[in-house]
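Trainee: I would like to go through this chain with you, term by term. Please set each label against its cut-off.

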Amino acid sequence: MNIPAELKYVDTHEWVRMEGDIAVVGITDFAQDQLGDVTFVELPAVGDMVEENKEMGSVESVKAASDLFSPVSGEVIEVNPMLENQPEILNSAPYTDGWMIKVKISAQPSILISADEYKNVISA
């Protein structure tokens, strides 16, 4: 299971890469593996506000549908345009091309955990 050490995680299986006051958000390799082949992604729109640990969208796959939870609070400033027509990118590249949204954070996130802590979450 790929769990990049430079990213932060939440126990609902989303990851965050901080770029100054911008948070790039996606789902983990573990999450996409559990879902199976992703067929549809519903994400907030640019300008929407997301709130830490609150629902921000959903992912559907051939196996199941799963809610997405925001690991940060702030304004959505970009949504990955590739996911609308190619949601399967989440399966092949969850940490790179499969990023979901970029958020200008409005408060320091309090629920983020390290890669090692996330490994403990998925092995429990």
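Trainee: How many helices and strands are there in the chain?

Mentor: This is a predicted model. The chain has 4 helices and 9 strands. From the N terminus, the elements follow the order β-β-β-α-β-β-β-β-β-α-α-β-α.

Trainee: What makes the chain as compact as a globular protein of that length?

Mentor: The rule gives 14 Å for 124 residues, and the chain has 13 Å. The two values are close, so the chain counts as compact as a globular protein of that length. The C-alpha atoms fill a box of roughly 35 × 35 × 20 Å along the principal axes.

Trainee: What share of the residues is buried?

Mentor: Buried residues are 47% of the 124. The cut-off is under 20% relative accessible area. The chain exposes about 6,300 Å², and carbon and sulfur atoms supply 46% of that.

Trainee: What share of the contacts joins residues at least 24 apart?

Mentor: The share is 63%, counted among contacts between residues at least 6 apart in sequence.

Trainee: Which strands form the open sheet, and in what order?

Mentor: There are 6 strands, in the order β1-β2-β3-β9-β8-β5, and the pairing is antiparallel.

Trainee: Why do β1 and β5 stand at the edges?

Mentor: β1 (8-9) and β5 (49-50) each have a single partner strand, so one side of each is left without a neighbour in the sheet.

Trainee: What makes β8 and β9 a pair?

Mentor: A pair needs at least two bridges. Strand β8, residues 74-79, and strand β9, residues 101-105, have 5 bridges between them, in the antiparallel sense.

Trainee: How many bridges pair β6 with β7?

Mentor: Again 5, and again antiparallel: β6 covers residues 55-61 and β7 covers residues 65-69. E60 stands opposite A65 in β7. A hairpin of 3 residues joins β6 to β7.

Trainee: Why is G74 called buried?

Mentor: Buried means under 20% relative accessible area. G74 has 1%, so G74 counts as buried. Its place is in strand β8.

Trainee: Which residues is G74 in contact with, leaving aside neighbours within four places in sequence?

Mentor: They are D48, M49, V50, V103, K104, I105 and S106. Contact needs heavy atoms within 4.5 Å. F30 is 44 residues from G74 in sequence, and their C-alpha atoms are 25 Å apart.

Trainee: Why is N53 called partly exposed?

Mentor: The label applies between the two cut-offs, under 20% for buried and over 50% for exposed. N53 has a relative accessible area of 43%, so N53 is partly exposed. N53 lies in the loop between β5 and β6.

Trainee: What is the phi of N53?

Mentor: Phi is near 70°, a positive value in a residue other than glycine. Most residues other than glycine have a negative phi. H13 also has a positive phi, near 80°, and is a residue other than glycine. H13 is in the loop between β1 and β2 (14-19).

Trainee: How far apart are the mean positions of the positive and negative charges?

Mentor: They are 6 Å apart, for 7 positive and 22 negative charges in the chain.

Notes
Residues numbered from 1 in each chain as written. Predicted model: local features only at pLDDT ≥ 70, side-chain atom pairs only at ≥ 80, totals over all residues. Heavy atoms only, no water. Helix = DSSP H or I, 4+ residues; strand = E, 2+ residues; numbered from the N terminus. Rg over C-alpha atoms; globule rule 2.2 N^0.38 Å. Buried < 20%, exposed > 50% of the residue type's maximum accessible area, 1.4 Å probe, protein only. Areas by Shrake-Rupley, 256 points an atom, 1.4 Å probe, with all protein chains shown as cover. Lys, Arg positive; Asp, Glu negative; His and termini not counted. Charge placed at Lys NZ, Arg CZ, Asp CG, Glu CD.
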